[in-house]
Amino acid sequence: MTIRTAHTPLLSALALVMTMGCHQGPSSAATPVESPAAQPAPSRSLPDGVTADMVVAGEHIFNGQSCIKCHGAGARGSQRAPDLTDSTWIHIDGSYSAIVALVTTGFTKSEMRDPKYPFSMNPRGGVNLSNEQIRQVAAYVWSLSHK
């Protein structure tokens with residue numbers, strides 16, 4: 001079965017565009033044109049003073065120091081310490097500054113607020129993190145719960 005269509009100027013123009021593609025001459029052939037859908041999504045805003053590099057550095061510290069031992073892989077929690085990827089906070093409000101303060105000071109067993117987790121949190125992660133490392137870990141932890 002053969003389908004015949006009427007040849008119109010609009011169809012001719014469409015055929016010409018389809019054969020040419022998005023290029024407008026030889027000089028543009030090497031430069032691909034991205035559609036709006038291909039553009040990266042805008043990044044969520046970080047707290048003042050926090051950079052994406054700090055978040056990445058904090059992830060490395062979190063996974064390479066004592067943090068992962070209690071909070072587990074991906075900071076999803078364990079029997080020792082809570083999940084840090086949700087919006088529930090036990091000791092603080094979840095703000096970046098509160099995370100910095102909590103990692104800096106830790107908390108004692110007498111300050112524990114949830115009996116589900118039987119361990120206290122040592123100041124500076126129990127490994128004497130520098131102030132910069134604490135800010136980086138806090139940036140990473142903040143990013144987990146503020147998606």
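Guide: What follows is an account of helix α5 and of the parts around it.

The model is predicted, so local features need pLDDT of at least 70 and side-chain atom pairs count only at pLDDT 80 or more, whereas totals for chains, interfaces and linings use all residues. Residues are numbered from 1 along each chain as its sequence is written, and side-chain values use heavy atoms, with hydrogens and water left out.

The protein chain holds 5 helices and 0 strands; helices (H or I, at least four residues) and strands (E, at least two) are DSSP runs numbered from the N terminus. From the N terminus on, the order of elements is therefore α-α-α-α-α. Of its 147 residues, 27% count as buried, a word that means under 20% relative accessible area, while exposed means over 50% and partly exposed lies in between (1.4 Å probe, protein chains only).

Helix α5 covers residues 131–145. Because 11 of the 15 residues are buried, α5 is largely enclosed by the rest of the structure. The buried residues of α5 are Ile 134, Gln 136, Val 137, Ala 138, Ala 139, Tyr 140, Val 141, Trp 142, Ser 143, Leu 144 and Ser 145.

What, then, covers these buried residues of α5? The cover includes α2 (52–64), α3 and α4 (96–105). Each of these three helices may be taken in turn.

The axes of α2 and α5 come within 7 Å and cross at roughly 100°. This angle makes α2 roughly perpendicular to α5. Axes are lines fitted to C-alpha atoms, for helices over the stretch in contact, and angles run from 0 to 180 degrees between N-to-C directions; under 35 degrees counts as roughly parallel, over 145 as roughly antiparallel, 65 to 115 as roughly perpendicular and the rest as oblique. Contact here means heavy atoms within 4.5 Å. On the α2 side, the residues that meet α5 include Met 54, Val 55, Ala 57, Ile 61 and Phe 62. On the α5 side, the residues that meet α2 include Gln 136, Val 137, Ala 139, Tyr 140 and Val 141.

Helix α3 (residues 67–71) is where His 71 is placed. At 14% relative accessibility, His 71 counts as buried. Leaving out residues up to four places away in sequence, His 71 touches Phe 62, Arg 76, Gly 77, Ser 78, Ala 81, Pro 82 and Leu 84. Phe 62 is also one of the α2 residues that meet α5.

The loop between α3 and α4 contains Ala 75 and Gly 94. Ala 75 is buried, with a relative accessible area of 0%. Its phi is near 60°, a positive value in a residue other than glycine. Most residues other than glycine have a negative phi. Gly 94 counts as buried at 2% relative accessibility. Beyond residues up to four places away in sequence, Gly 94 touches Trp 89, Ile 99, Trp 142 and His 146, and Trp 142 is among the buried residues of α5. Gly 94 and Leu 84 are 10 residues apart in sequence, and their C-alpha atoms are 9.4 Å apart in space.

Helix α4 has as its buried residues Tyr 96, Ala 98, Ile 99, Val 100, Leu 102 and Val 103. What covers them includes α2 and α5. Leu 102 is buried, with a relative accessible area of 17%. It touches His 91, Ile 92, Phe 107 and Met 121, when residues up to four places away in sequence are not counted. The C-alpha atoms of Leu 102 and Arg 124 are separated by 8.6 Å, although the two residues are 22 residues apart along the chain. After α4 comes Gly 106, whose phi is positive, near 65°.

The loop between α4 and α5 holds Asn 128. Is Asn 128 buried or exposed? At 62% relative accessibility, Asn 128 counts as exposed. Its phi is near 60°, again a positive value in a residue other than glycine.

Key:
Expected span 1.5 Å × (residues − 1).
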